[in-house]
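Please keep the model open while you read these notes. Each point takes up one topic.

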Amino acid sequence: MGLRDPNKSSPVLCNRLTIRHSSEADAAAIAIVVTNAFGQPQEADLALALIAAPERTISLVAECNGRIVGHVLLTEIGAPTRAVALAPLAVEPEFREMQIGVALVREGLAQAAGEGYQAAFVLGRNAYYERFGFRSPLADSFDVPWQGAQFMALELTPGALAGKSGALVYPDAFFA
Ligand SMILES: CC(C)(COP(=O)(O)OP(=O)(O)OC[C@H]1O[C@@H](n2cnc3c(N)ncnc32)[C@H](O)[C@@H]1OP(=O)(O)O)[C@@H](O)C(=O)NCCC(=O)NCCS
């Protein structure tokens, strides 16, 4: 896949985008990408803590020409149905608006569905996550400290959240 920065007449920034599972050797690169994306280290600390935690995670990196420029993490949470939380999602500032974030989320959700997870939850921008089918009303019946309009749910299996409610149990790292 060839990706060009639409705002510049610069050469192609990314002429080979690869999405793959991360390995232990990627930890430092993930920390840099996530810190650069958020402009602070907290989300990178969260990502690395979750990867090291006992809960099952799906950790994907986006590589452009062999350089890690994006990362997404999905972590199993306690819920009335098998579910994951998507957080954090990060793309290096200079590699934005090239559909890398979309590619990471789509692959992460596909992997989660393939592993039998039936729902995904995310806290974030509605305009961004609604394109994947996340909806805030679908998450309203679940109890989390960050409940609100930006807390959204997606059924990976149609109807998986119908009639479901109650507390969602996030790994301790989310509260560190
Ligand atoms: C959010 C983020 C991951 C998006 O990465 P990206 O690779 O630039 O996103 P994409 O190129 O895949 O975006 C595709 C679409 O989303 C839109 N979009 C990008 N960032 C957005 C944002 N922050 N809010 C709303 N829409 C956004 C783009 O305009 C584009 O829209 P279009 O397809 O209608 O043209 C990246 O901006 C980032 O790392 N931000 C800082 C960390 C962060 O906020 N993470 C998410 C926590 S909720």
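1. **A parallel pair.** Strands β4 and β5 run parallel and are joined by 3 bridges. Two strands count as paired if DSSP finds at least two bridges between them. Strands here are DSSP runs of E with at least two residues, helices are runs of H or I with at least four, and both are numbered from the N terminus.

2. The model is predicted: local features need pLDDT of at least 70, side-chain atom pairs count only at pLDDT 80 or more, and totals for chains, interfaces and linings use all residues. Residues are numbered from 1 along each chain as its sequence is written, and side-chain values use heavy atoms, with hydrogens and water left out.

3. Is A85 buried or exposed? A85 sits in strand β4. Its relative accessibility is 2%, so A85 counts as buried. The cut-offs are these: buried is under 20% relative accessible area, exposed is over 50%, and partly exposed is in between, with a 1.4 Å probe and protein chains only. A85 and A119 are 34 residues apart in sequence, and their C-alpha atoms are 8.7 Å apart in space. In β5, 4 of the 5 residues are buried, so the strand is largely enclosed by the rest of the structure.

4. In what order do the strands lie? The open sheet has 6 strands, in the order β1-β2-β3-β4-β5-β7, with mixed pairing. β1 and β7 (151-155) stand at the edges. Each has a single partner strand, so one side of each is left without a neighbour in the sheet. From one strand to the next, the twist averages 25°. That angle is taken between N-to-C directions, on a scale from 0 to 180 degrees, using axes fitted to C-alpha atoms.

5. **An antiparallel pair.** β2 and β3 (residues 67-77) run antiparallel, joined by 8 bridges. For L60, the bridge partner in β3 is V72.

6. Side chains of opposite charge can pair when their charged atoms come close. The whole structure holds 5 salt bridges. Each needs a side-chain nitrogen of Lys or Arg within 4 Å of a carboxyl oxygen of Asp or Glu. Which residues form a network of them? R20, D26 and E63 are linked in this way. The D26 to R20 contact is 2.8 Å, N to O. R20 meets E63 at 3.0 Å, N to O. R20 lies in strand β1 (residues 17-21) and E63 in strand β2 (residues 57-64), so this pair ties together parts that are 43 residues apart in sequence. D26 is buried at 8% relative accessibility. E63 is also buried, at 14%. R20 is partly exposed at 26%.

7. **Salt bridges: a link between loops.** E115 and R56 form another salt bridge, with their closest N and O atoms 2.6 Å apart. E115 is in the loop between α3 (100-114) and β5 (119-123), and R56 is in the loop between α2 (42-52) and β2. The pair therefore ties together parts that are 59 residues apart in sequence. Both ends are partly exposed: E115 at 28%, and R56 at 39%.

8. **The largest pocket.** A pocket is an open set of points on a 1 Å grid over the protein atoms alone, where a 1.4 Å probe fits, with protein on both sides within 12 Å along at least five of seven lines; lining residues have an atom within 4 Å of a point. The largest pocket holds about 1,100 Å³ of space. Its volume is the space filled by probe spheres set on the points, which are joined across faces, edges and corners. Its lining has 34 residues, and F38, P88, L89, A90 and Y129 lie nearest the centre. Which strand gives the most to this lining? β4 does, with 6 residues. By class, the lining has 24 nonpolar, 4 polar and 6 charged residues. Nonpolar covers Ala, Val, Leu, Ile, Met, Phe, Trp, Tyr, Cys and Pro; charged covers Asp, Glu, Lys and Arg; the others, Gly among them, are polar.

9. **The second largest pocket.** This pocket holds about 190 Å³ of space. Its lining includes H21, I30, L48 and R56. β2 gives the most to this lining, with 3 residues. By class there are 5 nonpolar, 5 polar and 2 charged residues.
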